[in-house]
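Subject: Handover of a structure

Dear colleague,

I am passing the structure below on to you, together with an account of what was found in it. Please have the sequence and the coordinates open as you read.

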Amino acid sequence: MSKINSKHVFTSESVSEGHPDKVADQISDAVLDACLAQDPDSRVACETLTTTDLIVLSGEITTRASVNWEEVARKAVADIGYVSDDIGFSASSCKVFLALHPQSPDISQGVTEGMGAFLEQGAGDQGMMFGYASNETPELMPAPILYAHRIVERLAELRHTQADAYSFLRPDSKSQVSFLYENGRPVRLETVVVSHQHTPQMKDEQLRALVKQVVGEVVPEKFLHNDIVYYCNPTGRFVVGGPNGDTGLTGRKIIVDSYGGVGSHGGGAFSGKDPSKVDRSAAYMCRYIAKNVVAAGLAGKCEIQVAYAIGVARPLSVNVDTYGTAKVPEKAIQDVLEKGEIFDLRPAGIIKSLGLKTPGKAGWSYRQTAAYGHFGRDLFPWEQTDKVAALKSALC
């Protein structure tokens with residue numbers, strides 16, 4: 001979305017906590033939270049599959065924690081709202097299969113300080129990670145993905161808190177919003193698509209009225225008008241849903257999790273991975289950097305890319321792209337980042353500066369990241385803008 005002097009429509013989608021892939025993500029992150037709560041040095045790479053009345057947990061976990069994996073999975077499912085035995089997936093009646101084993105010692109030695117070919121803690125894998133920020137919303141997020149998240153999040157909130165009034169809603173849902181951009185800025189909400197699982201008794205007009213109400217609540221008035229096009233359950237029916245309607249897998253919603261298709265993506269998923277995996281921790285750090293650059297007024301848009309080699313601490317490269325909006329030379333920003341004095345891009349430095357081993361102590365959890373976006377919500381440490389002064393001092 002680099003068309004600065006243009007008029008175009010851009011679309012992003014989100015999915016709710018009850019979407020089968022998001023159920024899988026939340027279970028995987030609930031397992032991670034349970035391990036870190038007892039052992040902050042846990043190594044976790046937990047993959048989850050969900051389908052009709054079945055959960056499969058697989059992957060690599062090395063931890064001193066004592067965790068009832070099945071109990072953790074069932075609680076996550078119950079919290080989402082899958083508690084009825086008549087819709088094909090229920091926390092109390094589904095089967096839970098376990099296929100977990102310890103982390104490979106070959107990987108472990110590369111990410112443990114003092115072991116492997118290098119003394120410093122190295123990256124948990126090779127790859128490139130991106131972070132993005134834009135001043136088009138107060139959250140410094142692209143408008144399409146931000147408000148796509150807000151729509152399904154608000155619908156879920158109503159389902160949980162006003163169950164009697166909205167008893168026709170079931171947990172699975174998806175949203176999609178299209179914004180008109182002029183000269184690089186969102187100016188108008190064009191289209192809203194919401195598909196929401198429902199009871200057989202629900203009438204189409206009930207959902208349509210509710211979606212319009214929610215859009216009015218979560219989208220700023222300046223984007224609203226009388227000609228927004230709404231598509232609500234456009235197939236005409238969405239009774240069968242959740243893992244009963246579609247198999248869910250951890251890590252299958254990486255664009256929903258990030259920036260809705262704006263900017264670049266390195267391809268690595270987030271959920272179920274402890275912070276030694278730079279797919280997750282470095283992506284969080286890149287968002288932290290990009291957000292602070294934009295918050296400091298150094299650019300209107302900013303994308304940060306870093307790349308790592310497995311077992312090596314320092315990034316192989318750092319790249320800055322401001323899409324032509326920089327107020328200072330991009331090379332100057334890159335030079336500051338490569339020095340590592342404001343942002344430590346080594347895995348151990350990322351983990352320490354963002355508190356990624358002990359989320360519970362700071363009042364957040366990895367499971368909270370697993371629905372409605374990993375970015376754009378102030379409860380996470382990588383959303384802080386506490387480096388603005390340091391960046392201004394170094395660059396202005």
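Please keep in mind throughout that this is a predicted model.

Taken together, 4 strands form an open sheet in the order β4-β3-β2-β9, with mixed pairing. Its edge strands are β4 (95-101) and β9, each of which pairs on one side only. As background, strands of a sheet pair through backbone hydrogen bonds, either parallel or antiparallel. Helix α1 (residues 20-38) lies across β2, β3 and β9, and it runs at about 150 degrees to β2.

Two backbone positions deserve a look. In general, most residues other than glycine have a negative phi. The hairpin of β2 and β3 has 2 residues between the strands, and in it D53 takes a positive phi near 45 degrees; the place of D53 is in the loop between these two strands, β2 and β3. The other position is L140, which has a positive phi of about 60 degrees although it is not a glycine, and which is found in the loop between β5 (127-134) and α4 (143-161). Is L140 buried or exposed? L140 counts as buried because its relative accessibility is 11%, and the cut-off for buried is under 20%.

The largest pocket has a volume of about 350 Å³, and of the 18 residues that line it, the closest to its centre are D33, D79, S365, R367 and Q368. Which element gives the largest share of the lining? That share, 5 residues, comes from α2. By residue class, the lining of the largest pocket divides into 8 nonpolar, 3 polar and 7 charged residues.

With best wishes

Technical notes: Residues numbered from 1 in each chain as written. Predicted model: local features only at pLDDT ≥ 70, side-chain atom pairs only at ≥ 80, totals over all residues. Heavy atoms only, no water. Pairing = 2+ DSSP bridges. Contact = heavy atoms within 4.5 Å. Axes fitted to C-alpha atoms, helices over the stretch in contact; angles between N-to-C directions. 1 Å grid on protein atoms, 1.4 Å probe; cavity = no way out; pocket = protein on both sides within 12 Å on 5 of 7 lines; lining within 4 Å. Points joined across faces, edges and corners; volume = space filled by probe spheres on them. Nonpolar A, V, L, I, M, F, W, Y, C, P; charged D, E, K, R; others polar. Buried < 20%, exposed > 50% of the residue type's maximum accessible area, 1.4 Å probe, protein only.
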